[in-house]
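Trainee: Could we go through the aromatic rings in this one together?
Mentor: Gladly, let's have a look.

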Amino acid sequence: MNIFRKQLNADAQENTGAPEAAEVTTATTNAPVAAAPVVVETAHDDFDWSIDKRNVSHYAESERVKYDKVYDDTFVQIEDGEIVRGGVVALTKTDVVVNIGFKSDGLVSLNEFRDVQGLKIGDEVEVMVVEKEDRQGNLHLSRKSARIFRAWERIVEVHKTGEVITGTVTSKTKGGLIVDVFGMETFLPGSQIDVKPVTDYDQFVGKTMEFKVVKINEAIKNAVVSHKALIESDIEAQRAEIMSKLEKGQVLEGVVKNITDFGAFMDLGGLDGLLYITDISWGRISHPSEVVKMDQKLQVVVLDFDDDKKRISLGLKQLTPHPWDVLPEGLSEGSVVKGKVVNIEDYGAFLEIQPGVEGLVHVSEITWANTPINAKEFFKLGDEYAAKVVTLDKDARKMSLSIKQMSDDPWSTIETKFPESSKHKGLVKNITPYGVFVELEPGIGGMIHISDLSWLKRFNHPSDYTKVGEHIDIIILSIDKENRKLQLGHKQLEEDPWNALEDTFAVGTLHEGTVTRKDDKGALVQLPYGLEGFAPNRHLNKEDGTQVKADETAQFMVIEFDRNEKRIVLSHARIWEKVVAEEKEIAKKEAKAESDNTKKAVKNIQAKVEKATLGDLGALAEIKAKLKEGEGDN
């Protein structure tokens, strides 16, 4: 305002001393006026019409332009959005008065100087012209906007150059952190905080850290920074250094950073390597966590590496001798060992004698019995067994074991203990479609063929008669010592009932039966005394045109009985067909008898009729002759 007043006084003095001053009336009535010739005054000649009611003089247009230019040249020319420097001319409780050399001073909120310690009059600050003149006619300045503008310029620059900057984490937000960089808020995503996943964001609030600007948006003046990028660049440099010095067989120290089902990832000091599960231990393990733990420091050996793919294969077990190379001296064929089941296959099970040393127990070496054994049902993982070493090849690192040879061969005395025709009770160990395998004692067993289970009933599968784990009575039918086979029977424990049932189920006899199963060929029929018969499909027809259904009970006629083949063929249709045939035969006989009776009656009637006499015949001849004579006369 002082500048404005000084300029007005200067203008007034300039006007007084100018040659054109005679044409301009001074602004005040008591100001000195130049001498003028005496004139005759009229009633209104003493009033100067160029002075308005505010007592302000009017300048000519050329004068106005001249003085406006002089006035405007005394001030700084500014535009909205421009960054300027100004001096602090006054401080209030809420604002800072800043002079930027414009027509008026501007006010800036004191809050925008919170980062400035000891602000005082005379300090020079940088501000942005928000508005040259707001609604109240005031100059609107902002230090915060100026700082943001300068910060954005700097951020754009460092984004281009890749320069590392320092910022302070001010707060936590959804998905990351807010970082103050050069006085401007930027976004630090959670995924860009560290190379490791971060769950606790609060631990970073208030910390000053180094960052790289990784993304900017010019339209909305937004920037994304990353601390992870710095770590990765450091790691990459370490990786390059490690890879340049890497050699196969080299022993390194690493830290377990992650454990998966297939192995463990190790940090080798900026470079990751994979310790595969098969290279952790000489013995079998189901999961790497059985041997290694998170954050555990280990000495590992480099097995292989790929410069291009930055992959390193590590080994832990290779740091110790192979167990096969340090086998006990006393271990040989015939030795007895103890082992734990570590793997089960269809052909047998592997016993771990010591970590890294395994032997195979083949299914044929499980028991002396010559019956098929399912290894997956016999063995369980983790079970321990004593076994005898059958073969041992240290060079090939193979060993075969036998469990059955831990006991004497029971087949050597088979005839004495289980003679033919002797009766015993056995345990059902296995069932196949063609028979049942029964164990009489460990190592001794035989098979009951499906046809030897029952005299009367035919089974589609032996499991319809018995189950694994049940006990069953048997009789020894035959012994094959050389092939270690016993032929067993179950139905032979009883006499063959077919001999006694031949008269009961003679051909033509009727019996009540229930259809138990039906297919396209016919039906199985359950008969009395536990017998089963078969009714062909066409013999299931009823008189009404339908057929006997499954689970239906009906009358059946035996049309075939074969004792040797144990077969009974039945028919339901024959029953009603026979009745119909008999009815037809009766009707036929009745019709024939009636015909015979009719013929006899006719004969009797004909016998009673009188025959014509010879006289009657002569009279007729005379009449006939007379008629002929009359015809001749005419």
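**Aromatic rings in the predicted model**

Mentor: Let's start with Phe-378, which counts as partly exposed because its relative accessibility is 36%. Keep in mind that this is a predicted model.

Trainee: How many aromatic pairs does a search of the whole structure find?
Mentor: The search covers the whole structure. Its count of aromatic pairs is 7.

Trainee: Are the rings of Phe-378 and Tyr-385 stacked or edge-to-face?
Mentor: Their centres are 6.4 Å apart, and planes under 30 degrees apart count as stacked. The planes here are at 25°, so the pair is stacked.

Trainee: Is Tyr-385 buried or partly exposed?
Mentor: Buried would need under 20% relative accessible area. Tyr-385 has 21% relative accessibility, so the residue counts as partly exposed.

Trainee: Which residue do ring pairs link into a cluster with Phe-378 and Tyr-385?
Mentor: The cluster is made through ring pairs. Beside Phe-378 and Tyr-385, its member is Phe-379.

Trainee: Are the rings of Phe-505 and Tyr-529 stacked or edge-to-face?
Mentor: The centres of these rings lie 6.2 Å apart. Planes over 60 degrees apart count as edge-to-face. With planes at 85°, the pair of Phe-505 and Tyr-529 is therefore edge-to-face.

Trainee: How many residues apart in sequence are the parts that Phe-505 and Tyr-529 tie together?
Mentor: Phe-505 lies in the loop between helix 7 (498-501) and strand 26 (510-518). Tyr-529 is in the loop between strand 27 (522-526) and strand 28 (532-536). The pair therefore ties together parts whose separation in sequence is 24 residues.

How values were computed
Residues numbered from 1 in each chain as written. Predicted model: local features only at pLDDT ≥ 70, side-chain atom pairs only at ≥ 80, totals over all residues. Heavy atoms only, no water. Phe/Tyr/Trp six-rings, centres within 6.5 Å; stacked < 30°, edge-to-face > 60°. Buried < 20%, exposed > 50% of the residue type's maximum accessible area, 1.4 Å probe, protein only. Helix = DSSP H or I, 4+ residues; strand = E, 2+ residues; numbered from the N terminus.
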